[in-house]
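Hello,

Here is the structure for your files. My notes follow below it.

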Amino acid sequence: MFNQRERESLEVRMREVEEENQALRKQLSLAQTRVHRHRNHSKSYSTEEGTGDNEVVHALAWNGSECGKRPTVEKCETIHIAIVCAGYNASRDVVTLVKSVLFHRRNPLHFHFITDAIAKQILGYLFETWMVPAVTVNFYDADELKPEVSWIPNKHYSGIYGLMKLVLTKTLPASLERVIVLDTDITFATDIAELWAVLHKFKGQQVLGLVENQSDWYLGNLWKNHRPWPALSRGYNTGVILLLLDKLRKMKWEQMWRLTAERELMNMLSTSLADQDIFNAVIKQNPFLVYQLPCFWNVQLSDHTRSEQCYKDVSDLKVIHWNSPKKLRVKNKHVEFFRNLYLTFLEYDGNLLRRELFGCPSEVDKNSQNVSVEEVLRN
């Protein structure tokens, strides 16, 4: 139990936090109004002027769906998002990602989390606490998936969990036709519905939406005796993936990637970049599978990155990917802006995301096999 002094201190701190949150909301609202009035002059804004909190708020407001053209997605269409998340560190990162997605969204969302017990408990508690309307959450046990990928030696720091995106066609509900797959170290700066709308542009046998890798890794010239897995030119980064699950299943995706991995492992012995190596090896043999996304959908801040060629202005940014082991300490021309964007959502109060989507029914999406957060916590 708290003593009198501790209670008083806690009450003071709670009032301070609430005041900070109210100030942030007011600042964001003012920024959105200001940008909406002057959007025709948006290109005059320059990243060279500075990258503090005001610039972050300005970019958030400009990229919000309030100010731009609405994506071609039905008003109440549910957007499905799959994320592999295991452990305390990944849980911390994914919470920041989720807040950035919820901040900009205008559609119902259905999150599919592949988690271990730790992440399941953390995320379940957060979603129960936030009580965000028009959000459905499903959890899938990562431990049950380990035998599917444990036979693949992997040197990447993500470990065995870094291979689990390969088995999403088996893991997610058979009725689910399409999904956006995200790494945990992603920050959104726009409405995710814009990305969901790109799925309608796929043609023929295109089933994977990916951004080109923004480093020279797959060119094999980073250092002497560097031997990457096979890839088309620079290859593709799997931090952001659009998947047409129904078509992938018909193509026997499971058999396709397994045969490819078995063949390449005879020479490569292990993966260096987890699932990304195997995705690229499959694409090397089947380039028709890929719809190449514009690079602003996955601005990669890895070492040796070419990401600065992806944008001219911070208003062009849509997704930031901290895909370096250094994370926030990575070197980049605009790293201060990126860091402030990340920290804005890291410190943002999830309770402020509790806003209704007017005009959308509250019934469960047809693809949902919904498990309530209360049930998750009981288990």
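Thr 115 stands opposite Asp 141 in β3. Strand β2 (residues 109-115) and β3 run parallel, joined by seven bridges. Strands pair here if DSSP finds at least two bridges between them. Strands (E, at least two residues) and helices (H or I, at least four) are DSSP runs, numbered from the N terminus.

This is a predicted model: local features need pLDDT of at least 70, side-chain atom pairs count only at pLDDT 80 or more, and totals for chains, interfaces and linings use all residues. Residues are numbered from 1 along each chain as its sequence is written, and side-chain values use heavy atoms, with hydrogens and water left out.

The sheet is open, with seven strands in the order β3-β2-β1-β4-β7-β6-β8 and mixed pairing. β3 (135-141) and β8 (290-293) stand at the edges with a single partner strand each, so one side of each has no neighbour in the sheet.

Helix α5 (residues 142-149) lies across β2 and β3. Its direction is at about 55° to β3. Axes are lines fitted to C-alpha atoms, for helices over the stretch in contact (heavy atoms within 4.5 Å). Angles run from 0 to 180 degrees between N-to-C directions.

Now the rings. They pair if the centres of Phe, Tyr or Trp rings (six-membered for Trp) lie within 6.5 Å; planes under 30 degrees apart are stacked, over 60 edge-to-face, the rest tilted. The count comes to twelve aromatic pairs. Phe 103 and Phe 345 have ring centres 5.5 Å apart and planes at 70°, so this pair is edge-to-face. Both Phe 103 and Phe 345 are buried (under 20% relative accessible area, 1.4 Å probe, protein chains only).

Best regards

Terms used. Buried < 20%, exposed > 50% of the residue type's maximum accessible area, 1.4 Å probe, protein only.
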